[in-house]
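Thanks for making the time this morning. I would like to walk through one model, going from a few local details to the chain overall, so please have it open while I talk.

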Amino acid sequence: MGTKKVKISSVKRAAHLKSKKTPLSKQQQQKIKQKREQLSSKREKGQNIFSQKAHKRDNLAQRKKFNKQASLGLFRGTDADEDDDEGDAGGDMLLDNVADMLDGDDLDLLQANKRKRKAKTAPVEDQQQSVGLEMAYATATKKEQAAQKIKVNLLPIKSRDGEIITRTTEVDYIPKPKRKAIEQEDEAEEDDDNSADEDSEEAYEDSDDDVVNDAAPVPKQKLISTTDLLIARQQEIERQKYRIGIICSGILEKPEDKMRNFNALYELMDEMNRSTGVPNLLAVRKLAIVSVTEIFKDILPEYRVGQVDTKMQTVRKATLDRVTFENTLLQQFKKFLQKLEHLTAQVNKRGGHKTPQSVKMATVAVQCMCDLLIAHPYFNYVQNIAQLLVYMLNCNYGAMRVAVNQCFRSLFSSDKRLDMTLFVVRRINHLIKTKQNNVHVECITCLMGLKIKHVNLDAEKENELKQKKLESHRQRLLSLSKKERKRRKKLTEVNKELEETRAEENKQTKHHKLTEIIKMVFTIYFRVLKNDPTSRVLSAILEGLAEFAHVINLEFFSDLIDVLNRILEEQELGYREQLHCIQTIFVILSGQGEVLNIDPIRFYQHFYRNMLVVQAGKNHDDFAIILRTLDEVLVKRRRNMSQQRLMAFVKRLLTGSLHLLHNGTLATLGTIKQTFQLTSVLDALLDTDTTIGSGRYDPELDDPEYCNAASTALYELSLLGRHYHPTVRRMAAHIANGVPASGEGALPTDIGKLNAHDLFSQYDSTQMAFNPAIPLPKQGEPKLKKGKQLFIRSDFKHEYGKLLKDSKMTRTSSKNALQFDFLSELNKLKE
C-alpha cells in the first residue's frame, strides 16, 4: 500500500513544533543535575537562618498572590493555606457578591464550585480536630502515669513497749514494657537475616525454645529491701531449676536433635551469663554442672568414638546420622571438660583467682570429673580427665584430695582391662618423682585400692628356665622320625586352638599389666624408703608395703628387712609407723621369706612393746593392725616361737583387752581361742598354781622371752566374765573352760565360726548399732513396795505409836496444824 501525503498550514506546523520538547544539551543537563544535588544536600544538612527567612518571604508573596486570585474567583490552588480562616471567609463573601450579578448557567457553575470547596475544607478541619484531641489525651495519660504512685509494704518494727508497727511507702509506678511488639519486630528482623544469609544454619524449631532461650522478663525495682532480695534470689533459683529440668529432659528424650541445647546450660555454668548480661547465682552454676554431668553419664556410649571423614568416603544415611551425632557429642563433651578444667585451674595454679566461690566451684568440678571417670573409663578424653585428677590429688584442699582418692580406689577395684589403672599409676609415679616425694598422703594411700593378689615378679626367671626346657625338647624332636614330627605338629595346632578358645592370650596380657603395675608401685615405695625415710608419707608407704609384701621379689627381702630395721632403730617413728614396719617384716618372713636365715627376735621385742599402745580412745581403730600382725606371729609362725614367748604374747594380749572397746576385746578373745585350739602349751596359763613355773612374772619387761609368763595365770578372764557385753562374757567363759567344742562352756555356732577380724567388724558400735540388739523395756508402772520399820529399842516402838495416834487426833481437830514437832513431844515424855 502506498502512503498518502497531507498538506498542513504553516500555523499548524509551528504549533506542532512548539508542543514538542526540545532535547536538552549536555550543559543544561549538567546544570539541572547540580541544582538537584544542591537541593538534596540542603535537605540533608538542614537550612540555615538566611535561607529560612528567604523561604518565608517567598511563601508570603505567593500567599498574597493566591489570595488575590481567590478573591476574584479566578483560581483556587490545592496548595493554598487551608488553615487561614479569615481568607476563606473573605472569599465566600466575594463569591456571594459576584453571584448577585450573574444568572443562568454561570450562576449554577459558581454555586457548584462553592459546594466543592466547602466539601474539601470540612474533612480537613475534622481531621485536625481529632488529631489534637488524641495528642491532648496522650499527654494527659503520661502526666497521670508520672504522678501515679503505688504503696509498698516495708518490714515491721517492734517498739520498746512490744507493739508491732507496720510501715508502708509510695513508689513510682513503672508500667510493664510491651514485649509482644518488640518480639515480633525482632523475629521479623531475624527472619530477614536468615533468609538473606545462605550459609547460615538451618532453622531449628523446638517446643522448649522459650525455656531454653530464657525469655522471662527481668523485673527492675528502684527500692529493694533485704527480704525482697532473698525472695527474688529464691525465685530465680526455682525458675532456673525448672529451666534446667526442662532442658535436660529434652536432651535425654532425643539427644540427636537437641545437642545445641547444651549451650544454654554452658551459659549458666559461667560467672556471667552472656545472653542476658546478668551474673549467675552460685547455686545455679552448681546445678548446671551437676546436670550436664548426669546427662553425659546417661548418653555417652561405652565404646571409644572414632573420627570418620564423611567427605572422603561414602556411607549410608543411617551411618551418616550416627557419625554426625557422635562427632557433635564429642565436641560438646570436649567443651564441657574445658570449662571444668578452667574452674579447677583457678585454684590449682599459683596466680589463680582463689575466692570461696571459686573453691566451691572447683570442688564440684572435681567431683563431676570423678563421676565421669568412674562411669565411662574408656571413652574419649578420659585419660585427660585422669591426668588432671592426678594433679588435683596433690592440691591444698582436703575435700578435693579425698574425692579424688575415693575415685581412684573405685577405679582400681572396678577396672577389669587394667589400662586406666596402669595409666593412673604411671602418672602418680611421675608426680611423686617431680615433686621429690614432697606430696600429700592421699597420693600414696590411693594405691591401697589395687586388687593385686596373684602376681609373680619372678616370672622372667621362670620364663628363662621354660625356654631352656623347650630348647632341649626341640633338640629331641629333631631326632624323631617324619611321622612322629607330623603327629607332634598336629597336636600343637590343636593345643593352640584350645588356648585361643580359653582366652589364654587375654590372661597373659592381663598378667603382664598386673606385673607392670606392681613394679611401678614398688618403685614408688622403695624410692621413698631409700631417698627420704623421714617423709610425711612414710606411714602410708609402710602400710602399702605391709599390704603388698606377699608379691615382693625374693631378691629384695634381705635388703628391705635391713632398711626397715634401720628405720625402727634410728628414726623417731610413731606407734602406727612402727606397727606397719613390724607387720611388713612378719608378712615377708611368713611367706617366701621362710627360706631366709634371719632371726626376727628384735622385731618380736618391738611388737611386744607396742601392743599396749592402742586403747579405747582415739586410736582404737588401729587395733586392726595389731590383729593382722598377730595372725602372722601367733598363727603362722607359732612353730618358730618358744613356749615362753608364746605365753608372754597371750598374757599381754589379754591384759590389753581390758582397756579396749567390746569389739576389740572380742577380737582379742577370738585370737586367743584360735591359739588355744592350735597348741596345747597354753593350758598351763589356766592353772592358778604358781609353783609350776620358775621365777616371778614381770609384766613391765620388754623382752617376752625372759618375762616369766609361765609363772602367772590368765586372771583377766574372771574380770571379763562380768563384762557389760553378753558375748564377751560368753567368750571369756569359753576360754576359761579350756575351749571345749561341746558341752558346758561351748560357744554357739554363729559365734564360734567367726574369726578375730569378723568379730572386730561385726560387733563394732561406732555406727550406734549394738550387737546383739538391746531389748526394749517392758511397758508398765513400777509397783511401790512398803518398807518395814526397824527399832533398836523395843520400848521406843510403843512410845512412837502413841505419839502418832495423838498427832492424828490433833490434826483432825485443828485443820490449821500442818506440822508435828516430834522432838518436842519426846522431850515432854522424858520430863
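This is a predicted model: local features need pLDDT of at least 70, side-chain atom pairs count only at pLDDT 80 or more; totals for chains, interfaces and linings use all residues.

In which loop is Pro 772 found? Pro 772 is in the loop between helix H30 (756–762) and helix H31 (794–813), where helices are DSSP runs of H or I with at least four residues, strands are runs of E with at least two, and both are numbered from the N terminus.

Residues are numbered from 1 along each chain as its sequence is written, and side-chain values use heavy atoms, with hydrogens and water left out.

Staying with the backbone, most residues other than glycine have a negative phi, and most peptide bonds are trans. Tyr 381, in the loop between helix H12 (356–375) and helix H13 (382–392), has a positive phi, near 65°. Val 739, in the loop between helix H28 (726–736) and helix H29 (749–752), also has a positive phi, near 55°. As for accessibility, buried means under 20% relative accessible area, exposed over 50%, and partly exposed in between, with a 1.4 Å probe and protein chains only; Tyr 381, at 27%, is partly exposed, while Val 739, at 14%, is buried.

Next, a helix pair: H8 (residues 226–253) and H9 (residues 262–269) pack at an angle of about 145°, with their axes 10 Å apart, the axes being lines fitted to C-alpha atoms over the stretch in contact, and angles running from 0 to 180 degrees between N-to-C directions. The contact (heavy atoms within 4.5 Å) includes Ile 244 and Ile 247 of H8, and Phe 262 and Leu 265 of H9.

What is the count of disulfides? With a disulfide taken as a pair of cysteine sulfur atoms within 2.5 Å, the count is 0. For Cys 370, the nearest cysteine sulfur is that of Cys 407, 3.9 Å away. Cys 370 is buried at a relative accessible area of 2%, and Cys 707 is buried at 0%.

Finally, for the chain overall, there are 32 helices and 4 strands, and buried residues make up 33% of the 831 residues. Among contacts with a separation of 6 or more, 68% join residues 24 or more positions apart.
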